[in-house]
Amino acid sequence: MNPLKRKILNYFIIISLVIVSGCKTYRYEADLMNVKSDAMMRLSAADDMDFLTSHPNDDNEVNSIIGKILENELTLNSAIQLTVLNNPELQASFEKLGIQKAELMQAAILPNPNVHIDRMESHSGRFLPHARQYAQIHWSVSIDLLDLLSKPNLAKISRAQVEIAKMRLTNQLLDKINDVSKAVHNFLYEKKHLNLLEEIFEGSEAKLELAIEQHKAGNISDLDLVEQEMEYQNDKLNVNGQQYKTLVAREKLNRLMGLWGTMTEWVMHSEFPRVKEINLTRSELITSAIERNLEIAAASYEINVYKRQHSMNKAMIIPSFEFGVSREKEDGHDPTSGRSVAFELPIFDHNQSETNRLSAMIQKQEKEIRAISINLRSQLKLLHALYTGLRKKLTYYENAVLPIRKKYLSLSERHYNGMFIGPYELLDVKRSELEAQQDYDRILRDYLNAASDLNHALAGGYAGGSGMFTGDVKTSNVRREKDSGH
Amino acid sequence: MKHKSTLLLIKIVLVLIFFTLNSLGTSNPSYTPVITPDGSTLPYKMVDGVKVFHLIAERVKREFAPGFFVDCWGYNGQTPGPTIEAVEGDRVRILVTNKLPEHTTIHWHGLFLPNGMDGVGGLTQRYIDPGETYLYEFDLVQHGTFMYHPHADEAVQMALGMEGFFVIHPKTPPYKVDHDYAVFLHMWQIPPGTSKPNPNAMFDFNYFSFNSRVYPGTAPVLARENSLIRVRFANLSMESHPIHIHGVSFKVTATEGGDIPESAQRPTTTVNVPPGTVKTIEFVPEYSGDWPFHCHKAHHAMNAMEHNLPNMIGVNQTNADKKIQKLFPNYMSMGTNGMGDMQDHSEHMPGPKNTPPMMMGKGPFANISMGGMFTVLKVRKELTPDSASTWYDHPPGTVSRKVDIEEDGK
Ligand SMILES: [Cu+2]
């Protein structure tokens with residue numbers, strides 16, 4: 001090899017090393033922003049959710065935003081903001097995106113060349129001061145040529161896998177937003193229910209008070225008094241039970257929003273949020289939910305990846321082919337240089353098992369997509385029926401049931417004024433009005449949860465294999481632990 | 001406002017009664033025509049020496065008290081139906097047209113007549129179907145106070161107000177009264193907030209009426225000092241009514257069965273009028289004033305009252321009030337010290353629609369707090385058109401007054 005050629009080869013090696021080491025650092029914030037703005041777009045979220053696209057620089061900034069949010073009454077929106085900002089699992093997943101990206105990028109990085117240097121010394125005449133000594137230096141650089149050739153393909157695969165990871169993260173983010181929305185609805189319901197039970201209890205307290213005084217005055221029997229005491233006790237126990245349920249709902253929110261210590265002393269705006277009506281036919285709903293479903297998209301993306309891997313794998317009959325240059329210098333001699341080639345002989349392992357594995361993965365993913373679409377269709381059918389049914393019921397309550405209860409109450413007051421009913425009966429009427437309100441609140445909560453699930457589905461979310469969309473069934477997260485093909 | 005216009009209406013009616021009284025009194029010297037307060041007398045035509053009357057059985061909307069309208073059944077637009085007035089020896093022909101949705105008949109309660117004219121559906125005649133007119137014709141062979149009412153689906157038709165007086169004056173009255181009043185006693189179950197009497201009721205009636213009016217819708221009864229007053233009470237309700245009049249002593253002079261011999265008449269201040277009977281009383285009021293005239297069953301002198309209310313007499317409701325006011329900000333407890341405050345309460349706390357408060361009436365000194373079978377016998381030295389609408393002017397020193405027991409109680 002002539003000196004010029006040698007020099008060029010040496011520089012190439014050095015530049016490659018520099019490039020490789022330079023690529024080791026990169027930022028994943030841009031990908032995170034992608035994920036968040038994708039979620040926002042998918043939810044067709046209004047401007048009041050633009051916090052989704054912001055990304056605080058450090059923990060201090062996060063804490064000051066949290067502090068500010070907690071100064072005011074919490075709303076559905078601010079609860080979502082806190083969750084996106086502070087939900088521990090979500091934060092971990094955000095960080096995991098960095099890890100995943102690094103891992104995936106690693107696969108696309110050019111392989112490092114093998115550098116081998118050795119120096120050998122002669123030790124003959126070691127104990128003789130004037131004996132002649134000599135040294136021999138040998139170095140070689142080699143690189144796996146097949147690895148190098150497959151890099152552009154691998155880079156494509158890696159980019160695809162980063163995209164898949166982002167889809168899964170978006171899915172998780174949407175899932176959490178849905179979770180926290182339903183947790184807010186549920187907390188509001190439990191709180192309202194508690195207030196109603198407390199009001200009902202006030203009524204039975206008043207009735208007991210009256211009964212005690214009537215009894216004292218000799219106007220009612222021991223039996224009548226005991227009946228009133230029983231009602232009072234039942235209502236008191238109901239309040240106690242509901243206090244715990246409210247606490248459970250509150251703690252669920254604390255967990256979702258990542259709050260602890262004094263941060264959990266928040267107050268929430270007591271009215272249910274208003275939501276836009278979703279006016280889609282069942283088939284429109286199913287079409288767009290399937291079209292936008294992130295899990296189906298991720299799975300089909302994966303199929304492409306496997307297919308690419310599969311064809312690469314088939315093409316590579318020889319698993320490795322190493323090519324290198326070496327140079328040797330011995331004292332007192334001219335340096336010598338040469339090339340080396342090393343490869344595996346595919347006698348036993350010609351990669352057939354990996355090829356088979358990839359074909360199986362492709363099959364598996366295709367079947368999973370089918371399973372997801374079947375489940376999703378069925379669940380969306382139910383969800384659509386649930387949502388429209390609840391909306392009808394809600395309208396009926398608003399237009400008919402509640403006004404009639406109000407009327408019942410005001411007419412009863414008139415009958416009380418005319419002395420046609422007594423205070424006990426009047427308080428019972430109040431109780432029935434409160435109970436109707438309680439039914440209404442429950443229907444409204446279920447309706448809001450169904451709306452939230454619908455929006456979740458329309459944004460591309462998925463409710464897992466077995467679960468119904470709504471109610472207290474936990475919607476499962478994406479299959480994060482799924483075999484990613486490596 | 002309602003109150004004012006009612007007073008005006010009462011005034012006009014009384015002025016009319018007053019003049020009718022005077023004019024009729026002069027036109028027929030043989031008897032003093034009957035006054036049916038809040039009602040009327042049925043006109044007749046003479047046809048070939050027969051007095052021909054026409055009764056129309058029909059639905060009637062009756063204002064029991066100012067603003068309180070009741071969907072009744074009656075005759076000729078009224079309940080009680082117009083009073084039929086005739087003289088012993090008359091031959092009467094009464095045409096009865098049925099404009100009700102169901103069949104009816106008319107029974108002439110207490111009259112002696114051919115059996116086929118007795119008006120008992122199925123037993124003595126065919127029913128008068130809707131749209132049909134039947135004729136009753138008979139001679140009046142007795143005198144006294146009688147009633148007419150359906151003898152067909154009685155429980156419904158009488159409960160809804162179908163009844164009326166049939167007064168037969170004697171051919172030659174031994175004496176003449178100055179004022180002759182007829183008051184039909186009735187009771188109704190009209191649930192608060194409704195307008196239709198419930199004919200299914202056997203107990204728990206909540207309105208008690210004089211001529212299908214409840215106080216303060218009842219007209220006052222006017223009397224001149226030292227005049228001879230007759231009042232005929234008839235009762236077709238489910239209970240008896242002991243009618244008590246303040247300021248006078250009276251005698252029961254007749255029933256629907258005939259005159260009571262003078263020797264059997266005893267003085268009293270209360271006459272019990274059982275169902276199906278007539279009691280005629282006569283008295284000479286000697287003392288001017290505004291004297292209550294009412295049923296002595298306390299609950300019958302009240303308007304709609306619920307009887308199953310919890311008993312709050314003597315119950316300290318202070319703490320309960322505070323608790324209930326959290327749920328009902330306008331809540332006011334009632335009944336701790338009695339129901340005396342009820343009238344004030346009802347004036348600023350609206351009750352059910354079409355339902356007069358339990359206690360009503362404004363007197364010259366305070367609330368009168370009555371209802372139902374209650375009116376005022378107004379005895380005056382001379383009757384004037386104003387007598388009905390003005391309060392008695394008490395001579396100085398004749399009204400009970402508050403005193404300081406230390407100073408004045410000796
Ligand atoms: Cu009575």
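A nonpolar core, as the term is used in these legends, is a set of buried Ala, Val, Leu, Ile, Met, Phe, Trp, Tyr and Cys residues joined through side-chain atoms within 4.5 Å. All the views below come from a predicted model.

**View 1. The largest nonpolar core, with 86 residues.** Start with L253(A), M257(A) and W266(A), which have the most contacts inside this core. Helix α6 of chain A, spanning residues 145–216, gives the most to the core, contributing 16 residues. Domain 1 (1–112 + 152–273) and domain 2 (276–316 + 354–486) of chain A both supply residues, so the core lies between them.

**View 2. The surroundings of W266(A).** Leaving aside residues up to four places away in sequence, W266(A) touches L70(A), L74(A), F187(A), R250(A), L253(A), N254(A), M257(A) and L259(A).

**View 3. Another core, of 35 residues, lying apart from the largest one.** Its members include L194(A), Y232(A) and Y424(A), along with M334(B) from chain B.

**View 4. Helices α8 and α11 of chain A in contact.** How do the two helices meet? The axes of α8 (residues 282–292) and α11 (residues 423–458) come within 7 Å and cross at roughly 55°, and the helices are therefore oblique to each other. From α8(A), the contact uses L285(A), S288(A), A289(A) and R292(A), while α11(A) brings L454(A), A457(A) and L458(A). By residue type, the contact divides into five nonpolar, one polar and one charged.

Notes: Residues are numbered from 1 along each chain as its sequence is written. Chains are lettered from A and ligands numbered from 1 in the order in which they are written. This is a predicted model: local features need pLDDT of at least 70, side-chain atom pairs count only at pLDDT 80 or more; totals for chains, interfaces and linings use all residues. Side-chain values use heavy atoms; hydrogens and water are left out. Axes are lines fitted to C-alpha atoms, for helices over the stretch in contact, and angles run from 0 to 180 degrees between N-to-C directions. Helices (H or I, at least four residues) and strands (E, at least two) are DSSP runs, numbered from the N terminus. Angles under 35 degrees count as roughly parallel, over 145 as roughly antiparallel, 65 to 115 as roughly perpendicular and the rest as oblique. Contact means heavy atoms within 4.5 Å. Ala, Val, Leu, Ile, Met, Phe, Trp, Tyr, Cys and Pro count as nonpolar, Asp, Glu, Lys and Arg as charged, and the others, Gly among them, as polar. Buried means under 20% relative accessible area, exposed over 50%, partly exposed in between (1.4 Å probe, protein chains only). Domain bounds come from an automatic or database domain assignment.
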